[in-house]
Amino acid sequence: MNKKILTIQDISCFGQCSLTVALPIISAMGIEACILPSAILSTHTYQFKGYTFRDLTEDLPLISKHWKQEKLTFDGIYTGYIGSTKQIGYIKQIIKDFKKNGDIVCVDPAMADHGKLYPGFDNEFVKEMKTLCAMADYIVPNITEACYLLEKPYMAEYTKEDIEALLKELASIGCPNVLLTGVSFKKGELGVASYNKEKDEINYYFRDQVPYFFHGTGDVYASCFFGALIKGFNLQKAMKIATDFTVDSILETVEDRDEHWYGVHFESALPKLITSLKGNE
Ligand code: PXL
């Protein structure tokens, strides 16, 4: 039977990230995607100047109250970019109210990259985000977000031992599965590292690095990763499916990178993703 999930993140009207990426990817994977927008922005906040920001914090409890009255249920909850610190408190309550046994909660602490917090976030937000991560079954930070969550200086350089210690420290926040993105031990190779606390198992998956930066790939990754988990793939398989889809989306954008600097052409990679899921179902 088709699964139905809830995703909580912003609508960046232009810019190919958050809900405009999560909705089509999750839908294409054959999963019904219900949304709770955390904010509405005219664009995302990377390199655009003067964007609008409509904070929807006080809508969250009203929407969830109505959903409770209607006895709506979901098979999983995935959170991304959150509009305010106060909103995290509301989201924690939504998870308490709607998470049933066996449901998957995935938190992407979308708040930082390249050693820096995104505009508008501060240490109070980071602290609150850590408490949301503690309620998740899976978290999907990049290395910058991981360092913020653990109050460590940004690790611009690291060894395999550093990454493995980081994974275990992240799990000690209270989340049993950690997926760390943007890991590289070798020039020309980039990938992800995962940790499952119960099995005390670490795994890696690498692909050739495309030598350009693209915005929005974290959201493409997390949406596909969560979709794969909801479809029943295990952590290792889901991380491979999401990495391959993200790399394919990047490859679809390379030629057009000057014009399309604000996101990736994930749409062109969807047919291959759907085919690969079929082969694995
Ligand atoms: O891709 C994460 C993201 C989501 N939403 C907004 C953002 C960003 C990253 O910059 O600005 C509004």
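**Strand S4 and helix H3 in a predicted model**

In this predicted model, S4, H3 and S5 make up a right-handed β-α-β unit.

Q: Which strands pair with S4, and in which sense, parallel or antiparallel?
A: Strand S1 (residues 4-14) is joined to S4 by four bridges, and the two run parallel. S4 also pairs with strand S5 (residues 104-107) over four bridges. The sense of the pairing of S4 with S5 is parallel.

Q: Which residue of S5 is the bridge partner of Gly76?
A: S4 covers residues 76-79, and S5 covers residues 104-107. The partner of Gly76 in S5 is Ile104.

Q: Which way do the residues of S4 point, and are they buried or exposed?
A: In a regular strand, side chains alternate between the two faces of the sheet. In S4, Gly76 and Tyr78 point one way, while Ile77 and Thr79 point the other way. As for burial, all four of these residues are buried.

Q: How are the axes of H3 and H4 oriented, roughly parallel or roughly antiparallel?
A: The axes of H3 (residues 85-98) and H4 (residues 123-133) come within 9 Å and cross at roughly 10°. Angles under 35 degrees count as roughly parallel. Therefore H3 is, relative to H4, roughly parallel.

Q: Which residues make the contact of H3 with H4, and how do they divide by type?
A: H3 contributes Thr85, Ile88, Gly89, Ile91, Lys92 and Ile95. From H4 come Glu124, Phe125, Glu128, Met129, Thr131 and Leu132. The residues of this contact divide into six nonpolar, three polar and three charged.

How values were computed:
Residues numbered from 1 in each chain as written. Predicted model: local features only at pLDDT ≥ 70, side-chain atom pairs only at ≥ 80, totals over all residues. Heavy atoms only, no water. Axes fitted to C-alpha atoms, helices over the stretch in contact; angles between N-to-C directions. Parallel < 35°, antiparallel > 145°, perpendicular 65-115°, else oblique. Contact = heavy atoms within 4.5 Å. Nonpolar A, V, L, I, M, F, W, Y, C, P; charged D, E, K, R; others polar. Buried < 20%, exposed > 50% of the residue type's maximum accessible area, 1.4 Å probe, protein only. Pairing = 2+ DSSP bridges. Right-handed = clockwise from strand over helix to strand, strands pointing away.
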